[in-house]
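Visitor: Hi! Could you walk me through this one, starting with how the helices pack?
Guide: Happy to, just ask away.

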2 protein chains.
Amino acid sequence: MRDWGGETLKRRKKRAAAAPLLLPSPAFIIFSLPSSPALPLLFLFSFLAAEEETRVCSKSISQSSLSLSLSHAPKNLSLSLSLSLKKNASKAPLEKSHLFNARYVPFSDVASGANLKSCKEAYDLDEVLYRAKSGGLLDVSHDMEALAIYGPEYWKALFDARAGRTVWPFGSGVWSKKEWVLPGIADDDIVSMFEGNSNLFWAERFGRDVCGMKDLWVKQCGNSHTGSFKDLGMTVLVSQVNRLRKLKPEAVQAVGCASTGDTSAALSAYCAAAGIPSIVFLPADKISLAQLVQPIANGALVLSIDTDFDGCMRLIQRVTEASPIYLANSMNSLRLEGQKTAAIEICQQFDWEVPDWVIIPGGNLGNIYAFYKGFKMCFDLGLTKRMPRLVCAQAANANPLYRAYKAGYENFEAVKAQTTFASAIQIGDPVSIDRAVLALKACDGIVEEATEEELMDAAARADRTGMFNCPHTGVALAALLKLRERGVIAPGDRTVVVSTAHGLKFTQSKVAYHSREIEGMGCKLANPPVAVKEDLGAVMDAIRGKFASMR
Amino acid sequence: MRDWGGETLKRRKKRAAAAPLLLPSPAFIIFSLPSSPALPLLFLFSFLAAEEETRVCSKSISQSSLSLSLSHAPKNLSLSLSLSLKKNASKAPLEKSHLFNARYVPFSDVASGANLKSCKEAYDLDEVLYRAKSGGLLDVSHDMEALAIYGPEYWKALFDARAGRTVWPFGSGVWSKKEWVLPGIADDDIVSMFEGNSNLFWAERFGRDVCGMKDLWVKQCGNSHTGSFKDLGMTVLVSQVNRLRKLKPEAVQAVGCASTGDTSAALSAYCAAAGIPSIVFLPADKISLAQLVQPIANGALVLSIDTDFDGCMRLIQRVTEASPIYLANSMNSLRLEGQKTAAIEICQQFDWEVPDWVIIPGGNLGNIYAFYKGFKMCFDLGLTKRMPRLVCAQAANANPLYRAYKAGYENFEAVKAQTTFASAIQIGDPVSIDRAVLALKACDGIVEEATEEELMDAAARADRTGMFNCPHTGVALAALLKLRERGVIAPGDRTVVVSTAHGLKFTQSKVAYHSREIEGMGCKLANPPVAVKEDLGAVMDAIRGKFASMR
């Protein structure tokens, strides 16, 4: 697993991270190139500089690049020149990249605003560790001073030049930001499936017709190898495990998780690609094979245990303490480092302008903190000028954060989650509650909730405009509609809704909705098939019945 | 539907198609830039040219670009310089782009090797037309002389600079090749969901462990908006329909198709995004709602007609003749223009080197011809130096092309297709038979078949290595295994298997396989859950049972 074609094991070539510069326009300087390049360039620049109508439009120079552009008015031409310099055979893209560093620190130190560089409790990422000494959460902390050595324009250009390309591993949306994610890992240890770089769908029709908005976008994180945003985090976790297995073969022999859904699918796929054994713990008789077909197909050991979900969680913790099995649960802070790149990618896709609002479905609440981290890092390193306001959208049937928000975040209380179609966020006692509260307080965030009917209707309404949304995305869309109705989000606000999984993972709920088989739900946007006879007239009547304007 | 964030309606900026050039390396030339740029450049190049150890490594000059690179031995440095030139405010990237043109011509003229530029029967793409005068297939023919005005290096650089980026519509894998697809369409008429640019997965483990190959790749075309490669073609068809609806509002009021699967899903999603009514014709009681949930969710009018599939086909042809409904069936040659970009993309992902073999599942046989067209266009325009050998992989239960191949393509006979898990290629009388025979003859192609057990086993075996394959991809993987066994494909041959859909669209067959519920099939790679008690020892025993090396 090293490339997407561009370079194979056998045929690994050095390629600059930069794209080939390219000039989509008329021939202007055509002369043959002598072996010394100085002459024609001198000629060209002297020519340009001598012309009165020529002026320098922009120039930039950084530690590693020099570029300038000139415009030449009479011919309506512009000319830009860039100089690219790289050290032959240098693997590291940056001379000071050895200073980049990320470590585990207690999340409580992050929350208290402590100076993380002099943090007393800090751990190398090569340690196998899930909790701080206090038993609390960990956080991956980057040496921001080292990253700041390279200015924002450098990072923007680097990220822009990488994502979507074939140079391993930088074509991935996650690994195009490698220095901000896991700076210390060798490229060859990375396990990647070209995740990220997903469509930022302009919801033109849904925005205009349903929300009265012109600047509404849906980030399609579910359009990914295993069909959910979990790939973004799992590529980081499994890559680090892949590294650990080389450093400490005895200490890390497999990876385990207790999950019924997207997490186990992503974990097993990435492990399968890397040849790492994976183990999924599940309560017996609670889960159908269809929900588990991804880890099963990817060769994970799926253990069906005669207990409930909490029993599985207790057991996997004991197993990972007693054996060389790495624990890939939702407490894991490595995964958030991958997930945060979706926020960086949103900024990048808007040419480094920050949207006004970002709406994220929330259950265990790791992802909202991951988005906060991504936006914060862009802001702190000067790539963007402000923070967006984050909205966490919860199912009303599993809404502990919403309740806490309404009470000013005082006295958070877990709830017993009721069944919701948004099954991946059906969580009453979220692991990352403190992370989410920090994120929301820091960016004047909002929490909204959606009932089952609201979330299913919102998903169906958006599907009519070309999407195919999972119920979790439905929760976020329903939150958007409520915030628009209340005037909290203005018609002109640039808003991004985060779609967390592909609708193909949740077809059962869609079938139930469009069959009007959901008890107590109107399913008012159901669009069932229309039965007609094999007759031209009958068919045309049915067509005109649906599309009245059809002649 | 115009952008992926980079430029909105309100904030449309001019951006060069080129990526920002970028120099991942040590500071070398740091001096402040005077308003005339000639001096420091003169200084720099004089300095370099004067040094004995400096030599010019490469230089290239085309009608629109100039680049050169120098290496400077003592300091182990290389320097590259590019000049970029573009015309301000010019929408067209190419001065001679008005010469680019694509028209419909009879496929029979393509097959006979006629000079297509002077073809007597030719039609503008803005005509609503499905067949040639003879009743035969049409083909979209490009003015290759006009495209050849720009050299291969130009096209390579242009395509490389576009795919995966945010500039509308060129970030799409299809529309990054717009001039080769639909040169005449306005960017604003394009209906795109960032399709293409899919992962070219290096099947490292499957290649090494199962096939004894080091250079095996799987092109993940199913990782797409609606989950199948059909998006590649449908973005082209729906974009052209979108254009036609503006040119001829009365003539094109809706789009219809008779399809049970991926085609109707792609059609309805793209139509929904553009606000175009879509209609799906289906035999009553033959199809489950689950198979149709995508068009239903996307708001298509799904007609359930009391006839069989052939009856639906007859009816939709009458309906489209009698009404302003555009026919989006598999005869349609526009779709192939989008699908061919997957072949161009494969070349691009291999830095414009051509793989030895490309294996493609085949039913209606349009896609194998589309791949041929893509590879041929790269070859004819000088971007690549040869053609790959194509392999068409058919299910043994629906193998008319395989039978014809065995008989030297003489006297093709349709068959009655038997049920196959590879339901999208369960076709006994393929529309594009002539297209496929042309493609296979031209590139010394092969046809192979796979039984139900072979295709399910092959898919399951590959899933174990991190993929999640649909049964059609299973057919192609099984064909690969047979060709390796017979020594037709050598261990070192660079081989690409085309995966046509996401496995999430075909979970039922996977569930059946892993439950060992398929009659008469061994399901020897089934990996069902293992039941254990809630006990640390029992769990560890189960783990050691699966992973013997675990301590």
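Visitor: At roughly what angle do the axes of helix α6 and helix α17 of chain B cross?
Guide: The axes of α6(B), residues 204-211, and α17(B), residues 471-485, cross at roughly 40° and come within 12 Å. Axes here are lines fitted to C-alpha atoms, for helices over the stretch in contact, with angles from 0 to 180 degrees between N-to-C directions. That makes α6(B) oblique to α17(B); under 35 degrees counts as roughly parallel, over 145 as roughly antiparallel, 65 to 115 as roughly perpendicular and the rest as oblique.

Visitor: Before we go on, what should I know about the model and the numbering?
Guide: This is a predicted model, where local features need pLDDT of at least 70 and side-chain atom pairs count only at pLDDT 80 or more, while totals for chains, interfaces and linings use all residues; side-chain values use heavy atoms, leaving out hydrogens and water. Residues are numbered from 1 along each chain as its sequence is written, and chains are lettered from A and ligands numbered from 1 in the order in which they are written. Helices (H or I, at least four residues) and strands (E, at least two) are DSSP runs, numbered from the N terminus.

Visitor: Thanks! Which residues of α6(B) and α17(B) meet?
Guide: From α6(B), F206(B), V210(B) and C211(B) meet L477(B), L480(B), L481(B) and R484(B) of α17(B), where contact means heavy atoms within 4.5 Å. By type, the residues of this contact of α6(B) with α17(B) are 6 nonpolar, no polar and 1 charged. Ala, Val, Leu, Ile, Met, Phe, Trp, Tyr, Cys and Pro count as nonpolar, Asp, Glu, Lys and Arg as charged, and the others, Gly among them, as polar.

Visitor: And how about α7(B) and α8(B), how do their axes cross?
Guide: Helix α7(B), residues 230-247, and helix α8(B), residues 262-274, have axes that come within 9 Å and cross at roughly 40°. The two are therefore oblique to each other. The contact involves residues of α7(B) including K230(B), D231(B) and M234(B), and residues of α8(B) including D262(B), T263(B) and A266(B). The contact of α7(B) with α8(B) divides into 8 nonpolar, 3 polar and 3 charged residues.

Visitor: Switching topic: which residues does a cis peptide bond join in chain A?
Guide: W168(A) and P169(A), with omega at about -10°. P169(A) sits in the loop between α4 (152-162) and α5 (178-181) of chain A.

Visitor: What about chain B, which residues does a cis peptide bond join there?
Guide: There, W168(B) and P169(B) are joined by a cis peptide bond, with omega about -10°. P169(B) is in the loop between α4 (152-162) and α5 (178-181) of chain B.

Visitor: Last topic, aromatics. How many aromatic pairs are found over all chains?
Guide: The search of the whole structure finds 32 aromatic pairs. Rings of Phe, Tyr and Trp (its six-membered ring) pair if their centres lie within 6.5 Å, with planes under 30 degrees apart counting as stacked, over 60 as edge-to-face and the rest as tilted. The rings of Y130(A) and Y326(A) have centres 5.4 Å apart and planes at 65°, so this pair is edge-to-face. This pair links distant parts of the chain, 196 residues apart: Y130(A) is in the loop between β5 (123-124) and β6 (138-142) of chain A, and Y326(A) is in strand β12 (residues 325-327) of chain A. Both Y130(A) and Y326(A) are buried.

Visitor: How far apart are the ring centres of F159(A) and W180(A)?
Guide: Their centres are 5.0 Å apart and their planes at 80°, so F159(A) and W180(A) are edge-to-face. F159(A) is in helix α4 of chain A and W180(A) in helix α5 of chain A, 21 residues apart. F159(A) is buried at 0% relative accessible area, and W180(A) is buried at 0%.

Visitor: Which aromatic cluster includes F159(A) and W180(A)?
Guide: F159(A) and W180(A) form one aromatic cluster with F100(A), Y150(A), Y154(A), W155(A) and W352(A).

Terms used: Buried means under 20% relative accessible area, exposed over 50%, partly exposed in between (1.4 Å probe, protein chains only).
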